[in-house]
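This briefing concerns the model shown below.

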2 protein chains.
Amino acid sequence: MRTPLSAVPKSIVSDPKKLSAKTAAILDGAMQEFLAHGYTDTSMDRIAAAAGVSKATIYSHFQDKADLFTAIIQRLAEHKFSTFFDPRDAHALQGEPRLVLRQLTGKMYEQALQDTQFCEFMRLIIGESGRFPELAKPYIENIAKPFIQALSAYLESRHELRLKDPEATARTLMGTMIYFIMLQEMLHGREMLPMSPERMVDNLIDLIVPK
Amino acid sequence: MRTPLSAVPKSIVSDPKKLSAKTAAILDGAMQEFLAHGYTDTSMDRIAAAAGVSKATIYSHFQDKADLFTAIIQRLAEHKFSTFFDPRDAHALQGEPRLVLRQLTGKMYEQALQDTQFCEFMRLIIGESGRFPELAKPYIENIAKPFIQALSAYLESRHELRLKDPEATARTLMGTMIYFIMLQEMLHGREMLPMSPERMVDNLIDLIVPK
DNA sequence: GTCTATACATCGATAGAC
DNA sequence: GTCTATCGATGTATAGAC
């Protein structure tokens, strides 16, 4: 029924170890600028300056601005894929449900707060998914899909939870956390509509794990 | 404890009936273009053409492009506020929980699908909240806050649910639905990661309403 | 108030020297 | 491969006629 975890696609972009110094500098500079200012507000001049190369050099490594941008997003999806939640990190999804779920949600919230790039990345994915429809693919394949599949597999394995639909439950956990982070951190709901992450997590666990 | 519903702010922009024909045309044209192409990819020339006025006329009614954009967002937040979910529509939140919650979630999903402007609006709010930090305010005040408050008030009123934290539960419902819509409709998860809205809603209700 | 015409800046992309 | 210099297009915003 479910797709096995081995179906998770391997690296899309080139192996970092095979990148030239210039290419790596361009990718790093572009990542920094795109995350800070978005797509259209990031000029090729800014990227060139941030990367320490000339603009023409960028065009000798990438076809155009859109090509460089999509390369960045794919690169970030891989990077965030492994830090936001790595399904290969299987031992994190073993053990007593209340403990596992608390550890998992805590990890999500912490990383969203500590790594400011995460919110900017989500902003970019959603904001530019109209202009770049193919942009969502690396996010879904490398982040959303592995997370949902690994979590639903865990929920399904814990028979004492007696969940009728583990995948739907996994999506509820992910949606609750992501929207909470969006509302509180990205849309400044922290001040206008206060709510502690502890209350959210406690309640979420109470909803999923029967008393 | 909770803010009473009467504290929901009234209209921020001018009364539509007091707008001149030109101003209304500009607002409508700008709304159409901003929703279709985003902020930076919408030029003042395009807005002028869509509104059927000259570019100079726009600048006689609005200070600059950013001013026009924020006016549009505030206008949309009011409009969507009443269509996405109107807390004044109180009779929608009365009755048996399973029925009420099914009706509410169904309404959310239907409107997101039927009104294509809703997804574009969400994309704009999130995507441009970096450039325009004050942009999130109309969304939170007019959409998120009234929804959460009205739903948590209802959940609290149904004592048979025995919810320890009605507001956190209300946020879980909203987050589940919004992220589901984002993933499936905006990020093309419908094809890459299929999931029916019926399964999501059924499971969500089972989590909230005890058997 | 509304228009046409334009000033001025900046962008993506490239030509050509080295 | 990498650079400097530049082209052509397009953007925001405004001046000035009506």
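In this predicted model, a polar side-chain atom of B:Lys55 lies 2.6 Å from a base nitrogen of DNA strand D.

**Surface near DNA strand D**

- Sugar or phosphate supplies 56% of the atoms of DNA strand D within 4 Å of the protein, and the remainder belong to bases.
- At least two residues of this surface come from each of the following elements: α3 of chain A, and α2 (44-51) and α3 of chain B.
- The residues near DNA strand D divide into 5 nonpolar, 5 polar and 5 charged.

- Of the atoms of DNA strand C that come within 4 Å of the protein, 59% belong to sugar and phosphate.
- The base contact here involves A:Lys55, which has a polar side-chain atom 2.4 Å from a base nitrogen of DNA strand C.
- Phosphate oxygens of DNA strand C are approached by a backbone N or O atom of A:Met44 at 2.8 Å and by a polar side-chain atom of A:Lys65 at 2.5 Å.
- Two or more residues of this surface are given by α3 (55-61) of chain A and by α3 (55-61) of chain B.
- By class, the residues near DNA strand C comprise 5 nonpolar, 5 polar and 4 charged.

**Make-up of chain A**

- Chain A contains 10 helices and 0 strands.
- Of its 211 residues, 53% count as buried.
- Among the contacts in chain A with a separation of 6 or more, 70% join residues 24 or more positions apart.
- The accessible surface of chain A comes to about 9,500 Å², and carbon and sulfur atoms account for 53% of that area.

**A:Ser129, a loop residue**

- A:Ser129 is located in the loop between α6 (116-127) and α7 (136-157) of chain A.
- Because its relative accessible area is 2%, A:Ser129 counts as buried, the cut-off being under 20%.
- The side chain of A:Ser129 reaches the backbone oxygen of A:Ile126 at 2.9 Å.
- Beyond its neighbours within four places in sequence, A:Ser129 is in contact with A:Leu124 and with B:Arg123, B:Met186, B:Leu187 and B:His188.

**B:Glu198, a helix residue**

- B:Glu198 belongs to helix α10 (residues 197-208) of chain B.
- B:Glu198 counts as exposed because its relative accessibility is 52%, the cut-off being over 50%.
- B:Glu198 and B:Arg102 are separated by 96 residues in sequence, while their C-alpha atoms are 9.5 Å apart in space.

How values were computed:
Residues are numbered from 1 along each chain as its sequence is written. Chains are lettered from A and ligands numbered from 1 in the order in which they are written. This is a predicted model: local features need pLDDT of at least 70, side-chain atom pairs count only at pLDDT 80 or more; totals for chains, interfaces and linings use all residues. Side-chain values use heavy atoms; hydrogens and water are left out. A residue is near a molecule or strand if one of its heavy atoms lies within 4 Å of it. A polar contact is a pair of N or O atoms within 3.5 Å; within protein, one must be able to donate a hydrogen and the other to accept it, and residues adjacent in sequence count only if both atoms are side-chain atoms. Helices (H or I, at least four residues) and strands (E, at least two) are DSSP runs, numbered from the N terminus. Ala, Val, Leu, Ile, Met, Phe, Trp, Tyr, Cys and Pro count as nonpolar, Asp, Glu, Lys and Arg as charged, and the others, Gly among them, as polar. Buried means under 20% relative accessible area, exposed over 50%, partly exposed in between (1.4 Å probe, protein chains only). Contact means heavy atoms within 4.5 Å. Accessible areas come from the Shrake-Rupley method with a 1.4 Å probe; for residues, only the protein chains shown count as cover.
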